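Trainee: I would like a close look at one part of this model. Please take me through the aromatic rings and their surroundings.

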Amino acid sequence: MRAVIQRVRAAKVTVLDELVSSIGPGLCVLVGIKATDTATDVEFLVRKILALRLFEDEGKRWQKSAKDLQLEILCISQITLYHRLKGNKPDFSAAMKGDDAQKLYKHFLDRLKQSYDSSKIKDGKFGANMQVHIENDGPVTINLESPDSKQPDDCVDK
């Protein structure tokens with residue numbers, strides 16, 4: 001599994017101009033699921049996301065996590081995180097498909113909610129064409145990949 005985590009002042013998701021979710025200060029997490037990902041990958045990402053120290057404490061950087069500060073987390077499923085370029089066109093064959101991806105993503109959200117305050121976990125709409133509005137804070141952007149994941153050749157022309 002892959003996550004792109006952004007420290008935000010605010011973030012929201014809309015679908016067809018209808019608000020789906022919004023948060024204030026916290027994290028916006030874009031989540032990609034690879035075809036071979038399992039519950040073990042979910043556990044790794046949940047643990048790391050909740051422990052990441054991306055916030056200040058008394059003027060010192062990188063001291064507190066979103067969990068420490070009781071901040072919100074907005075999660076967005078994003079198949080495009082597992083792309084491979086074929087010429088100039090993205091190919092998503094490395095990504096987990098449909099129902100299986102939705103089940104593992106739901107498991108990811110459930111584990112986040114079980115490991116933290118469930119009212120602070122928000123998400124978009126799986127499989128929808130979403131508009132994600134992010135007010136990045138810093139900017140701070142962190143990439144995470146679960147162990148034993150093989151990186152796709154992101155820039156290979158075929």
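Mentor: Start with a charge over a ring. The charged end of R7 lies over the ring of F55, 6.0 Å from the ring centre. That label needs NZ of Lys or CZ of Arg within 6 Å of the ring centre and within 35 degrees of the ring normal. This is a predicted model: local features need pLDDT of at least 70, side-chain atom pairs need 80 or more, and totals for chains, interfaces and linings use all residues. Residues are numbered from 1 along each chain as its sequence is written, and side-chain values use heavy atoms, without hydrogens or water.

F55 also touches L71. Other contacts of L71 include P25, G26 and Y116, leaving aside residues up to four places away in sequence. Contact means heavy atoms within 4.5 Å. L71 sits in the loop between β5 (60–65) and β6 (72–77). Strands are DSSP runs of E, at least two residues; helices are runs of H or I, at least four; both are numbered from the N terminus. L71 is buried, because its relative accessible area is 16%. Buried means under 20%, exposed over 50%, partly exposed in between (1.4 Å probe, protein chains only).

Now the ring pairs. The whole structure has two aromatic pairs. Y105 and F126 have ring centres 5.8 Å apart and planes at 40°, so this pair is tilted. Rings of Phe, Tyr and Trp (its six-membered ring) pair with centres within 6.5 Å; planes under 30 degrees apart are stacked, over 60 edge-to-face, the rest tilted. Y105 belongs to helix α2 (98–115), and F126 to the loop between β9 (121–123) and β10 (131–145). They are 21 residues apart. Y105 is buried at 3%, while F126 is partly exposed at 28%. Ring pairs join Y105, F108 and F126 into a cluster.
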